[in-house]
Amino acid sequence: MTRPRPLYYARLVRRSSSPLRRLPQVLLVVAASAAAVASPGGAAATLWPNVPEQIARALTSGDALERRLAATRVGELAPETAIRLIQRGMSDPDVEVRLHLAGAAVRLRMPRAGDLVIEWLGEGDARLRLAACDVIRAAPTDRSVVALGRVLGDPDPHVRLAAATAMGAAGLPDAVSPLLGHLDDTAPEVRAEVARALGRIGDARAVVPLIGKVQDSVPEVRKATARALGELGDPRAVSALLLALQDASQDVRVEAVTALGRLRSDDATSAIADLVTASPGAAGAFPGARPSDSATSSNDVREAALRALGRIGSDAAVKALLAALAKDNPAAPRSAVRDALVSAGAAAVPALVAALAAAPSANTAAGAALVLGELKAREALPAIERGMQRGVVPLRHGLRALGALGDPAALPGVLELLGDADPAVRAEAIRAAAALLDPARPDGRAVDPARALLVDPATAPDEKLALVQLLGRTGSPRAQAALLPLAKARSTPLRLAVIEALGAARAAGTLGAAVDAALLAALDDESADVRLRAAIALSRVAGPGSARPLLQRLTVAAEQDRGALGIALSGALSRADGATDAKAANDANDANDASGASGASVKGLVHEVAAAIASAPDAARDALIEGLGRMPGQAAGAALARMASAAPIDDRRKIAEALAGHPEAAAALRKLAGDPDPGVRANAVWSLGAAGDKDALPLLLPLLKDPDAAVAGNAAGAIGRAAGRAGQPARAAAALCAALPDARPYVRANALAALTVAGARCDGDAARDLLARDPAEAVRLAAADHLARSGADDDRRALARCAAEDRNATVAGRCARAAPPRAPAAGAEDVAVFIVPFDAGRGGSVRDAPAPRAPFALVRADGLMRLGVADRRGEIFERGAPRGPIRLTVPAPLVK
C-alpha cells in the first residue's frame with residue numbers, strides 16, 4: 001500500500017459561529033500540493049476548438065497509422081465527445097486502434113462499455129480478449145458479465161485471470177456457477193482469483209466448494225479461500241478455518257483468524273486465544289503449527305488474533321484479552337490489545353471494572369483503566385479513582401484514563417495531583433485537567449491550584465506553559481485576571497501561551513476591556529508570532545468596542561501588520577449585533593476604556609466598513625469584505641449585495657464567499673452564480689449551499705455540468721447541504737446520482753459526500769462500484785464514508801474488501817475504520833485557512849508567506865470538499881464548518 005506524502009502546509013484558524021459562541025482552538029494542518037501556487041486553471045491542457053473535429057476525422061481515415069494516432073488522443077477530449085467517438089471506433093479493423101479506444105473507455109468509465117466488447121471475447125488476439133475483460137470490469141453490464149463465463153476456459157491463463165477478476169468485481173449472482181466450475185483451474189493464480197471473486201459476490205452457494213480449497217497445495221490459494229470464507233460470513237466455514245490456523249503459511253493463518261473474527265464465532269475463541277498467548281516473534285511458535293514459509297511475522301498473526309477476539313466480543317473473548325493486558329505496555333500510545341478491547345465495546349466494560357476491583361498486575365490495571373477511558377465509560381469513574389487510591393492503577397495511566405473519559409466529575413481527583421512530587425504525574429494531571437475543561441462552560445475549580453503552581457519559583461518552565469494553557473481552558477474570569485500580568489512576559493514562549501489562553505473565553509465588563517487592551521497592544525509587537533497569536537485571540541474574544549480601532553489601523557496605518565489586523569477585525573465584527581454593541585459601549589465607558597467604543601448602531605458600523613472598502617488598499621480589502629460578511633443583520637448583507645454589482649473580480653470572489661452568512665441576500669448570490677469568472681461562480685455556488693434554501697436547487701442543478709470542476713464540485717456539495725436542510729433527500733438523489741459518472745474526480749467525490757450529508761442513497765450498488773473501481777483516492781474515500789452509513793451486508797462486505805485489498809493506505813484505513821456515524825458535535829466553527837505552499841525546490845521547506853489566488857481543495861469533517869481560489873491574502877474563509885478534522889488536498893485543476 002502506498003502512503004500519500006504531505007506536499008504543502010496551510011495555517012488554519014478556527015473561529016466561532018455556533019449559537020453558544022464557542023471558542024475553538026488554533027490548529028495547523030498539512031496537505032495538498034506545491035502546484036497550488038499556479039494560476040487558476042493553468043494546469044489543464046487547452047485544446048483548440050477544431051481539435052475534436054480533427055480527431056474524429058482522423059478516426060475514419062483509410063490510413064491505419066493515422067487512426068492509431070487519433071485513438072491515442074481520444075482521452076484528451078470532453079467526455080461526451082470522447083464517448084461518441086469510442087462507440088464508433090470499437091469495431092475498427094485495426095487491433096491497435098481498438099486497444100487504444102478500450103483504454104480510453106476504461107479511463108472515462110464509459111457507461112455500458114462492456115456491451116461493446118462482448119464480441120472481442122472470441123477474438124484470436126489475446127490482447128483483445130484481455131482488453132475486453134478490463135472494459136467489462138470497469139463498466140460491467142449483466143449481459144457482458146455472463147459472457148465472461150465462456151472465457152474462464154480460455155487457453156491463456158492471463159485471460160482467465162482477468163475474466164475472474166471482472167466477474168468478481170461485477171458482483172452478479174449469475175457469475176457464481178461459472179466461477180465454481182473453475183475452482184480447480186490448473187493455474188494457481190486463477191484459482192486464487194476465482195476464490196476472491198466468489199467472496200466478493202457473497203453467494204452462499206460458494207461456501208461448501210470453498211471449504212474444500214482450504215487445503216489447496218498453493219498458499220496463495222489457501223489465503224484467498226480463507227478470506228473469501230470470512231466475507232461469505234457462513235458459520236459452516238468455522239471448522240475449516242480452525243484447521244487453517246495451523247497452516248504452514250503465516251499469511252494463511254492471518255487470513256483464517258481474521259475470517260473467524262468476521263464470523264464472530266465464539267466456538268473459535270479458545271483456538272484464537274492460543275495464538276495470543278503463544279510467544280510472539282518466532283516462526284512456528286503456535287501450538288500445532290508447521291514451519292512457516294511466509295514473510296509475515298508471527299507477531300502479525302498475534303495482532304490479527306487480538307483483532308478477531310475484539311470483534312467476537314464474547315465473555316470468553318474479553319477474558320482472553322484481559323489476560324493479554326498483563327504483558328502489554330501501558331506507556332505505549334496505542335496497543336493492539338487495548339484496541340481490541342475498545343472494539344469489543346460496551347460488552348467489555350463490566351469485566352474491565354471487575355478487574356480493577358480485584359488485585360490485578362500494574363499492567364493489567366493500567367490497561368483496563370485506559371480502555372475504559374477510551375470507551376468513555378463514565379460509569380467506570382469510581383472504579384478508576386478507587387484503583388488509583390489503592391495504588392492498583394499507576395497514577396500516570398489513571399490520569400490519562402480520566403482525561404480520556406471526559407467526565408467533569410473526575411476533575412477534583414485530578415486537581416489533587418497537580419502538586420505531586422513526580423514530574424511525570426504532574427504533567428499528566430495538567431493534561432487530564434485541560435481535557436476535562438471546556439472554555440465554553442466556565443469552571444473555576446482549577447484556577448487556584450493552577451495559579452499557585454504558576455507563581456511558584458520551583459515550577460519548571462515547561463510546566464508553567466502547560467499551566468497557562470490549563471488556566472485558559474477554565475474559561476473563568478479569575479483565570480484571566482491571573483493571566484493578564486503575564487501578557488508582557490519576557491519569555492516569548494510564555495507570552496505566546498498567555499495570549500492564546502486570554503483568547504480562550506470572552507470576559508465581561510472591566511476585565512473584558514482589559515483583555516482587549518492587552519491583546520491590542522500585542523499587535524504592535526516586534527515578533528510576527530506574537531502579532532499573529534494576538535490577532536487570533538482577538539478574533540475569538542474581542543468585543544465590538546475594539547472594531548473601530550482595528551478598522552482605523554487596518555485602513556490608515558501602512559506600517560501595521562495588516563494580515564494580523566484583518567484576522568482580529570473580522571472576529572470583532574462578528575459580535576457586533578445591537579445588544580452586544582450597546583453593552584460593550586457601556587462596559588467600556590464604565591472602565592474608562594481608551595479604545596473609543598461607542599453605542600453607535602450596527603448600521604453605522606456597517607456604513608464605516610463599507611466606506612473603508614471603497615478606499616482601502618488591496619492588502620486590506622479582503623479582510624474588510626470578510627468582516628462585513630461576518631457581521632450579523634440585514635444591513636451588512638445589503639451592503640455586500642450593493643457592492644457586488646460593480647466590483648472587480650477579486651472583490652466579487654470575496655463577496656460571494658462572504659455572503660454565505662447572509663441568507664437574506666440570496667438573490668445576489670444567485671446572480672454571482674452566473675458570473676463569467678469561475679472563481680466567483682465557485683464561491684457563490686458554495687455559499688448558496690450555506691445560505692440558500694430549497695428554492696436554490698433549480699439554479700444549482702445545471703451547474704453540476706459547469707465546465708469548471710470547482711464550480712461543478714461545489715454545486716454537488718451545495719445541493720446536498722440545501723436538500724438536507726430542507727428535508728428533501730429524494731431531490732438530492734435525483735441530481736447527485738446522475739453526477740456519479742462525471743469524468744472529474746472531485747465532482748464524483750462531492751456527489752457521494754453530498755448524498756451522505758443529505759441522507760440520500762442511489763438505487764443499486766453505485767457507491768460500492770466506485771469504492772471498488774474508481775481510480776481516484778478522493779472518490780473511494782467518499783464512497784467508504786457513504787457506505788459506512790448503511791448497515792447492509794453488501795456494504796459491510798464491500799468495506800471489508802476495501803480494507804484488505806485497496807493499495808492506498810489512506811483508503812484501506814478509512815474502510816477498516818468505517819462505522820455508523822456518531823451524532824454530529826454541537827455547533828459549528830468558522831475556519832480561516834492560509835495556504836502556505838510547500839516548496840520542493842527549496843529542499844522541502846515551507847514558504848514564508850501564503851500564496852495569493854492559489855487554487856485549493858478544502859475537505860471538511862462531513863466529507864464535503866470546497867473548491868475554488870484563495871483571496872488576495874492567500875486565505876479561505878469557511879463559514880459554519882462542522883466541528884472535526886479539516887484538511888487540504890490537491891486542487892481540482894491538478895487532478896486528472
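Because the model is predicted, local features need pLDDT of at least 70 and side-chain atom pairs count only at pLDDT 80 or more, whereas totals for chains, interfaces and linings use all residues. Residues are numbered from 1 along each chain as its sequence is written, and side-chain values use heavy atoms, with hydrogens and water left out.

With the bonded cysteines numbered in sequence order, the pairing reads 1-2, 3-4.

Helices (H or I, at least four residues) and strands (E, at least two) are DSSP runs, numbered from the N terminus. The torsion about the S-S bond of Cys 737 and Cys 762 is about -105°, and the disulfide is therefore left-handed. Cys 737 counts as partly exposed, at 22% relative accessibility, while Cys 762 counts as buried, at 12%.

The disulfide of Cys 802 and Cys 815 has its sulfur atoms 2.0 Å apart. Its S-S torsion is 75°, and the link is right-handed. Cys 802 lies in helix H45 (residues 793-805) and Cys 815 in helix H46 (residues 809-817), so the pair ties together parts that are 13 residues apart in sequence. Both Cys 802 and Cys 815 are buried.

Helix H42 also holds Ala 758, which counts as buried at 10% relative accessibility. Not counting residues up to four places away in sequence, Ala 758 touches Gly 720, Gly 724, Pro 729 and Ala 732, where contact means heavy atoms within 4.5 Å. From C-alpha to C-alpha, Ala 758 and Ala 733 are 8.4 Å apart in space, although 25 residues separate them in sequence.

Helix H35 (residues 634-644) has as its buried residues Ala 636, Gly 637, Ala 639, Leu 640, Met 643 and Ala 644. They cover an arc of only 160° around the axis, which puts them on the same side of H35; the arc is that of the directions from the helix axis to the C-beta atoms. Gln 634 and Arg 642, on the other side of H35, are exposed. The packing partners of the buried residues of H35 are helix H33 (602-615), helix H34 (618-630), helix H36 (649-658) and helix H37 (666-672).

The structure also contains seven cavities of 30 Å³ or more. A cavity is a set of points, on a 1 Å grid over the protein atoms alone, where a 1.4 Å probe fits but cannot get out, and lining residues have an atom within 4 Å of a point. The second largest cavity has a volume of about 60 Å³, a volume being the space filled by probe spheres set on the points, which are joined across faces, edges and corners. Its lining includes Glu 657, Trp 686, Arg 721 and Phe 877. Helix H38 (678-691) and strand S8 (875-882) are the elements that give two or more residues to this lining, and H38 gives the most, with four residues.

Notes:
A disulfide is a pair of cysteine sulfur atoms within 2.5 Å. Buried means under 20% relative accessible area, exposed over 50%, partly exposed in between (1.4 Å probe, protein chains only). On a 1 Å grid over the protein atoms alone, a cavity is a set of points where a 1.4 Å probe fits but cannot get out, and a pocket is an open set with protein on both sides within 12 Å along at least five of seven lines; lining residues have an atom within 4 Å of a point.
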